[in-house]
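The following note sets out points for a colleague reviewing this structure. Please read each point with the model at hand.

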Amino acid sequence: MSDVLIGAEALRHWLSEPQTPVVLDCRARLGEPEAGARLWREGHVPTSRHLDLDRDLASSPGVRGRHPLPAPAAFAATLRRLGVEPGRPVVVYDDMGGQLAAARAWWMLARWAGHPDVRVLDGGLPAWQKAGGSLEEGEKAPAAASDWAPAFDDDTWVEADEVFSSRALKLDARSRERFRGEHEPVDALAGHIPGAFCRPSADNLDESGCFKSPTALREALPEASDVISYCGSGVTACHNILAHAVAGLPLPKLYVGSWSEWIRDPARPIATGD
């Protein structure tokens, strides 16, 4: 098992030990801002806290896209509120194999904020329940706050201008239909960044919703040492970065604004088809 993933059985065992990880429930539904908190209250992995995609893992949508990064000070305050600190491991999960907010949380914690031990629950909540894991309901008392002051690494992500001028391979995590411009259910314009390669995040998972083996991922991911990962709004793009980590490959940089920012400037080119 990759050190960026943890299986459901391993997490069950870990939660029975005296020193437990911080567990963060990152479930979300695009277009339903209150869904994540509601799902968490209805039933969550024991000890887990809710980490909200729209309020904690992003700032307000606008010219920088639908899910721009929060201000470093705001995200640091969120981590302190949840009791996150470098000396205590963190486990994040969602219910979509990490494709939605869990991979984004992993990227923001491990890559951007520099936490040394962040793992994604492989297979997410379905795998937890299949393994016989119990669920807790309702609100919880506030976590004991930490005093962590992360040193954010802004070299892990890029702005639109750098994407425009870079010769790096652009890896698009959206579906092939959205990439080709045949179907665009979210953004105002359809298509993709010219020269990009389509790698839907769902292709990183097997039929059970868990990550494919490191070998399978290495064989499928494009061979390039310089990669920029993007999607619709910088969320599922993190799943492709996580897949590189599982495969033991160099990690792409994240184009946070992604397609939802790219199309806001009519000077930026748009391609359709394959």
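Is the crossing of α4 and α9 left-handed or right-handed? The crossing of these two helices is left-handed. The structure is a predicted model, and the numbered points below should be read accordingly.

1. Geometry of the α4 and α9 pair. Helix α9 spans residues 237-247, and α4 packs against α9 at an angle of about 65°, with the two axes 8 Å apart. Angles of 65 to 115 degrees count as roughly perpendicular, and α4 and α9 are therefore roughly perpendicular to each other.

2. Residues between α4 and α9. On the α4 side the contact involves Ala103, Arg104, Trp106 and Trp107, which meet Cys238, His239, Ile241, Leu242 and Ala245 of α9. Sorted by class, this contact has 7 nonpolar, 1 polar and 1 charged residues.

3. Burial of α9. Helix α9 is mostly covered, with 11 of its 11 residues buried. The buried residues of α9 include His239, Asn240 and His244, as well as Ala237 and Val246. Gly248 follows α9 and has a positive phi, near 75°.

4. The α3 and α4 pair. Helix α3 covers residues 72-81 and helix α4 covers residues 101-112; they pack at an angle of about 105°, and their axes lie 13 Å apart. That angle makes α3 roughly perpendicular to α4. Pro72, Phe75 and Leu79 make the contact from α3, while Met108, Leu109 and Trp112 make it from α4. By class, the contact has 6 nonpolar residues, with no polar and no charged ones.

5. The sheet containing β1 to β5. Five strands form an open sheet in the order β1-β5-β4-β2-β3, with parallel pairing. Strands β1 (5-6) and β3 (49-50) stand at the edges with a single partner strand each, so one side of each has no neighbour in the sheet. Helix α4 packs on this sheet, where it touches β2 (22-25), β4 and β5, and the direction of α4 makes about 155° with that of β4.

6. Strand β4 and its partners. Strand β4 (residues 90-93) pairs with strand β5 (residues 118-121) in the parallel sense over 3 bridges. Across this pairing, Val92 stands opposite Val120 in β5, and Val91 stands opposite Arg119 in β5. Strands β2 and β4 also run parallel, joined by 4 bridges; here Asp25 stands opposite Tyr93 in β4. What is the state of the side chains on the two sides of β4, buried or exposed? Val90 and Val92 point one way and Val91 and Tyr93 the other way, and all are buried.

7. The sheet containing β6 to β10. A further open sheet of 5 strands has the order β6-β10-β9-β7-β8, with parallel pairing. Its edge strands are β6 (157-158) and β8 (197-198), each of which pairs on one side only. Strand β7 (residues 169-172) pairs with β8 in the parallel sense over 2 bridges, and Asp172 has Cys198 in β8 as its bridge partner.

8. Strand β9 and its partners. Strand β9 is covered on both faces: Val227 and Ser229 on one side, and Ile228 and Tyr230 on the other, are all buried. Strands β7 and β9 pair in the parallel sense over 4 bridges, and Lys170 stands opposite Ile228 in β9. Strand β9 is joined by 2 bridges to strand β10 (residues 253-255), and these two run parallel. In that pairing, Ile228 stands opposite Lys253 in β10.

9. Asp226. Where does Asp226 lie? Asp226 is in the loop between α8 (214-220) and β9 (227-230). The relative accessibility of Asp226 is 43%, so Asp226 counts as partly exposed; the partly exposed class lies between under 20% for buried and over 50% for exposed. Leaving aside residues up to four places away in sequence, Asp226 touches Ala168 and Leu169. The C-alpha atoms of Asp226 and Pro250 are separated by 8.2 Å, although these residues are 24 residues apart along the chain.

How values were computed. Residues numbered from 1 in each chain as written. Predicted model: local features only at pLDDT ≥ 70, side-chain atom pairs only at ≥ 80, totals over all residues. Heavy atoms only, no water. Axes fitted to C-alpha atoms, helices over the stretch in contact; angles between N-to-C directions. Parallel < 35°, antiparallel > 145°, perpendicular 65-115°, else oblique. Contact = heavy atoms within 4.5 Å. Nonpolar A, V, L, I, M, F, W, Y, C, P; charged D, E, K, R; others polar. Pairing = 2+ DSSP bridges. Left-handed = near helix turned anticlockwise from the far one by under 90°. Buried < 20%, exposed > 50% of the residue type's maximum accessible area, 1.4 Å probe, protein only.
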